[in-house]
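Please open the structure in your viewer and keep the selection panel at hand.

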Amino acid sequence: MAERVLVIDDEERIRKLLIMYLEKEGYIVDEASNGQDGLERLKYMDYSCVLLDVHLPILNGKSILAELRKTKATPVIIMSAQADEQSRVEGFELGADDYVIKPFSPRELMLRINAILQRTKRSVFYTPELYTKEVLLTPKEFDLLLFLAKSPDKAFRRNEILRAVWDYDFYSDLRTVDTHIKRVRKKFDKISPKVSKMIVTVWGIGYKFDTSQNNL
């Protein structure tokens, strides 16, 4: 069954260009030209990925992303002409999985979408406490947890995590890591508090996946 992608952008030229490339890749594509219509589609339809413009009529892209993250882990790629560091950080803090700068290469964007969807297929984490329960993580949340869990009991600095998980080493604002750690912990708190406590803050350094107190 083909993956379904939602394109939310107020520029018809960009929507049509993306639809052409996406359909060529075999995706089913829906579109919305303003924030309100985009959010309505997200409420009633589950998408494999969302391409989200920031500056939209009626409701902006960041408001849509914040609302979406209350209920769904749908992968989101922000498309924006804002290339400054603060705008990128805000996008990632709200839960974006990627951030591309306009104008962008449609071919490169297709590669980014394919990469995110490959990670999405493995972004369901089953708790060792009860294997019938699952925690739905965004691809970036899954990458963060996987990075820490692959090196148990090793503490990583925030800039190391940013470089490894987000592939960015020029951010001076490290709140992105803190925000995603809080989001992952909150999701596990609802299902498996013991696992949540294994994501440990190492004061003065950063974070680690602590197995020394694992009594699951």
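**A tour of salt bridges and helix contacts**

Begin by selecting Arg112 and Glu108, whose side chains meet in a salt bridge at 2.9 Å, N to O. A salt bridge here is a side-chain nitrogen of Lys or Arg within 4 Å of a carboxyl oxygen of Asp or Glu. Arg112 and Glu108 are separated by about one helical turn because they stand four residues apart in helix α5 (residues 106–120). Helices (H or I, at least four residues) are DSSP runs, numbered from the N terminus, as are strands (E, at least two). Arg112 is partly exposed, with a relative accessible area of 25%, and Glu108 is partly exposed at 39%. Buried means under 20% relative accessible area, exposed over 50%, and partly exposed in between, with a 1.4 Å probe and protein chains only.

Before moving on, please note that this is a predicted model, in which local features need pLDDT of at least 70 and side-chain atom pairs count only at pLDDT 80 or more, while totals for chains, interfaces and linings use all residues. Residues are numbered from 1 along each chain as its sequence is written, and side-chain values use heavy atoms, with hydrogens and water left out.

**Further salt bridges**

Next, select Glu40 and Lys43, whose side chains form a salt bridge at 3.6 Å, N to O. Why are Glu40 and Lys43 separated by about one helical turn? They are three residues apart in helix α2 (residues 35–44). Glu40 has a relative accessible area of 33% and is partly exposed; Lys43, at 47%, also counts as partly exposed.

Now select Asp178 and Arg158, which form a salt bridge with their closest N and O atoms 2.7 Å apart. This pair links distant parts of the chain, with Asp178 in helix α8 (residues 175–191) and Arg158 in helix α7 (residues 158–166), 20 residues apart. Arg158 is partly exposed at 22% relative accessibility.

A search of the whole structure finds 17 salt bridges.

**Helices α6 and α7**

Display helix α6 (residues 139–149) with α7: their axes come within 10 Å and cross at roughly 120°. Axes are lines fitted to C-alpha atoms, for helices over the stretch in contact, and angles run from 0 to 180 degrees between N-to-C directions. The angle makes α6 oblique to α7. Angles under 35 degrees count as roughly parallel, over 145 as roughly antiparallel, 65 to 115 as roughly perpendicular and the rest as oblique. The contact (heavy atoms within 4.5 Å) is made by Lys140, Asp143, Leu144, Phe147 and Leu148 of α6 and by Ile161, Ala164, Val165 and Trp166 of α7.

Select Ile181, which lies in helix α8. Is Ile181 buried or exposed? Ile181 is buried, with a relative accessible area of 2%. Leaving aside residues up to four places away in sequence, Ile181 touches Leu144, Leu148, Ile199 and Tyr207. Val200 is 19 residues from Ile181 in sequence and 9.5 Å from it in space, C-alpha to C-alpha.

Finally, display helix α4 (residues 85–93) beside α8; the two pack at an angle of about 5°, with their axes 9 Å apart. That makes α4 roughly parallel to α8. Gln86, Val89, Phe92 and Glu93 of α4 make the contact with Arg175, Thr176, Thr179, His180 and Arg183 of α8.
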